[in-house]
Amino acid sequence: MTTKPPAETPARARPSTASARGGRTAASRAAAVSGAAAAPGSVRKKAAAAGPKKPTKREAVAPDLLEQSLVIITTSLEDDKAEDLVVIDLTGRASFADKMVIATGLADRQIAAMAQHIERKLRDIGIKRVLVEGANGSDWVLLDTGDIVVHLFKPEARTLYGLEKMWGAELDESNEDGVTRL
């Protein structure tokens, strides 16, 4: 049995890959491209031209729940041997939180344990939605309870980021009583 070389075999009729898969044909792609040309700019450019979204307002939390949460967070950090514990009052200065707590831990495991303890103790009083970032072993762990933001640092990361300088009394003289060192 002799076979013909590939150049001599007849070409098979194949359907186009787009129509075989149920996709768009060349004519429908051309129509889509011409429609896209009618509306100039990408999605990102259109969103930028539309302007920023309306700012959302945070609901005010009951002052007693805020103070109770702050006491639980600070006592938990003190029990876990956190160093250089600082509480900064952000009321009227930031829209994302009312208080900021900054503390230092010496090891990754200590920082992760502090974050877990805070999360568990806040869940016990009814605050179930605590967002935790970086708890899997990093230099910086962030806990966001909605009204209180907790930053847990290793010493070198804390000096690198300098959040006390950014949000503390050094920023403006009117907030000297807003920073509490524990």
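Visitor: What makes the link between the side chains of Thr104 and Arg158 a polar contact?

Guide: In this predicted model, the side chains of Thr104 and Arg158 come to 2.7 Å. A polar contact needs a pair of N or O atoms within 3.5 Å, one able to donate a hydrogen and the other to accept it, so a pair at 2.7 Å meets the distance limit.

Visitor: Why is Thr104 called buried?

Guide: The relative accessible area of Thr104 is 6%. Buried means under 20%, so Thr104 falls in that class.

Visitor: Which residues does Thr104 touch, leaving out those up to four places away in sequence?

Guide: Thr104 touches Ala82, Glu83, Asp84, Met114, Phe153, Lys154, Pro155 and Arg158. To count as a contact, heavy atoms must lie within 4.5 Å.

Visitor: Where in the secondary structure is Thr104 found?

Guide: Thr104 belongs to strand β2, which covers residues 99-104.

Visitor: What is Ile73 in contact with, leaving aside neighbours within four places in sequence?

Guide: The contacts of Ile73 are Val101, Ile118, Leu122, Ile148 and Val150. One of these, Ile148, is 75 residues from Ile73 in sequence, and their C-alpha atoms are 9.3 Å apart.

Visitor: How much of the protein chain counts as buried?

Guide: Of its 182 residues, 30% count as buried. The accessible surface comes to about 12600 Å², and carbon and sulfur atoms account for 56% of that.

Visitor: How many helices and strands does the protein chain have, and in what order do they run?

Guide: There are seven helices and six strands. Their order from the N terminus is α-α-α-α-β-β-α-β-β-β-α-α-β. Among contacts between residues at least 6 apart in sequence, 58% join residues at least 24 apart.

Terms used: Residues are numbered from 1 along each chain as its sequence is written. This is a predicted model: local features need pLDDT of at least 70, side-chain atom pairs count only at pLDDT 80 or more; totals for chains, interfaces and linings use all residues. Side-chain values use heavy atoms; hydrogens and water are left out. Helices (H or I, at least four residues) and strands (E, at least two) are DSSP runs, numbered from the N terminus. Buried means under 20% relative accessible area, exposed over 50%, partly exposed in between (1.4 Å probe, protein chains only). Accessible areas come from the Shrake-Rupley method with a 1.4 Å probe; for residues, only the protein chains shown count as cover.
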